[in-house]
Amino acid sequence: MQKRNRTVKKILLYMILAVFVIAAIFPIYWMLNTSLKPNNEIYNLKPTFFPKKISLDGYKRLFFKTGFFTHMKNSMMVSSITSVVSVFFSMLAAYAIARFRFRGKNLISRGIIYSYLMPRSVMYIPLYLFVVQMGLNNSLGALYLIYPTFVIPYATWMLISYFKSIPMELEEAALIDGCTRIGTLCRIIFPLSLPGIMSTIIFSFTLCWSEYLYAFVIISDDLQKTITLGLSDLIVDDLYAWGALMGGAAISTIPVVLLYMFSSSYLVTGNAAGGVKG
């Protein structure tokens, strides 16, 4: 009887998981499905779950009549450089907050999370004026300067919790053995924190990759636009180039998916506690 109950529970669990998997995959499938349809089928009142006639017109328009590859390159550069540099400085700030005692520590910690929670719709006007005064408007340099304003608070807040989970005994043992504070940071803390650091880099990259508002306000030159701006240009008034738009949306997910796949081996929690006896 107990074995039968366990079997029923497993079946129900797998059914529930299957529903969630289908719900997660269906939007991606629908993007691909729509991108392969001709316009007359896309605008048909009765949607079809499989293209009656496969058409590559949307991809031809996307590849040959827009700056899609330039926009992808711009987003890749901005997202990669910003996420790596921002997480580097966030690691130093998070380590200081997690390990040192100093006046105003709690105030700084709260200020970090408050700055991340600040709505971007409130900040884009002063940031735009700042960029104009710097002479960086309508350039990718402005995004390199602005994106860390929301990436660093997020990354710092995430890494503070991760650094706090690493036992202090490991650092104390290294310091007793003659290791310097910088050596301890590089040889013990960062290697043990690699799963958390990689996770933070991935989410920071995703934040930059999907950002639209700041890029829309600052950049109007087509050669400087990111992928989000490039895809939004396919919407003119109430006319939607659904084939090209869905094809571009599907392709633009590939870098993020590949980043998750190649980093999956790091996205496991390190067992730092195993290094402490007691």
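Predicted model: local features only at pLDDT ≥ 70, side-chain atom pairs only at ≥ 80, totals over all residues.

**Pockets, ring pairs and one backbone angle**

Helices α5 (105–117), α6 (120–134) and α8 (148–164) each supply at least two residues to the lining of the second largest pocket. Sorted by class, the lining residues of the second largest pocket are six nonpolar, two polar and one charged.

The largest pocket has about 200 Å³ of space. It is lined by 14 residues, and N39, D57, G58, R61 and A244 are those that lie nearest its centre. Two elements give two or more residues to this lining, namely α3 (57–64) and α14 (242–252). Of the elements, α3 gives the most, with four residues. The lining of the largest pocket divides into five nonpolar, four polar and five charged residues.

An annotation taken from the UniProt record, an unreviewed entry, covers residues 72–263 and reads "domain: ABC transmembrane type-1". Over residues 72–263 the chain is 78% helix and 2% strand.

Next come the aromatic side chains. Counting ring pairs whose centres lie within 6.5 Å, the model has 19 aromatic pairs. One of them joins Y95 and F163, with ring centres 6.2 Å apart and planes at 80°. Planes over 60 degrees apart count as edge-to-face, so the pair of Y95 and F163 belongs to that class. The pair links distant parts of the chain, since Y95 is in helix α4 (residues 68–99) and F163 is in helix α8, 68 residues apart. Both Y95 and F163 are buried.

Another pair is formed by F203 and Y260. Their ring centres are 6.3 Å apart and their planes are at 80°, so this pair is also edge-to-face. F203 lies in helix α11 (residues 194–209) and Y260 in helix α15 (residues 254–262), so the pair ties together parts that are 57 residues apart in sequence. Are F203 and Y260 buried, exposed or partly exposed? F203 has a relative accessible area of 38% and is partly exposed. Y260, at 31% relative accessibility, also counts as partly exposed. Elsewhere, ring pairs link F26, Y29, W30, F49 and F50 into a cluster.

The last feature is a backbone angle. Most residues other than glycine have a negative phi. N138 has a positive phi, near 65°, and is not a glycine. The residue is placed in the loop between α6 and α7 (140–146). With a relative accessibility of 27%, N138 counts as partly exposed, because that value falls between the 20% limit for buried and the 50% limit for exposed.

Key
Residues numbered from 1 in each chain as written. Heavy atoms only, no water. 1 Å grid on protein atoms, 1.4 Å probe; cavity = no way out; pocket = protein on both sides within 12 Å on 5 of 7 lines; lining within 4 Å. Points joined across faces, edges and corners; volume = space filled by probe spheres on them. Nonpolar A, V, L, I, M, F, W, Y, C, P; charged D, E, K, R; others polar. Phe/Tyr/Trp six-rings, centres within 6.5 Å; stacked < 30°, edge-to-face > 60°. Buried < 20%, exposed > 50% of the residue type's maximum accessible area, 1.4 Å probe, protein only. UniProt positions renumbered as here; feature names shortened; annotations may be inferred.
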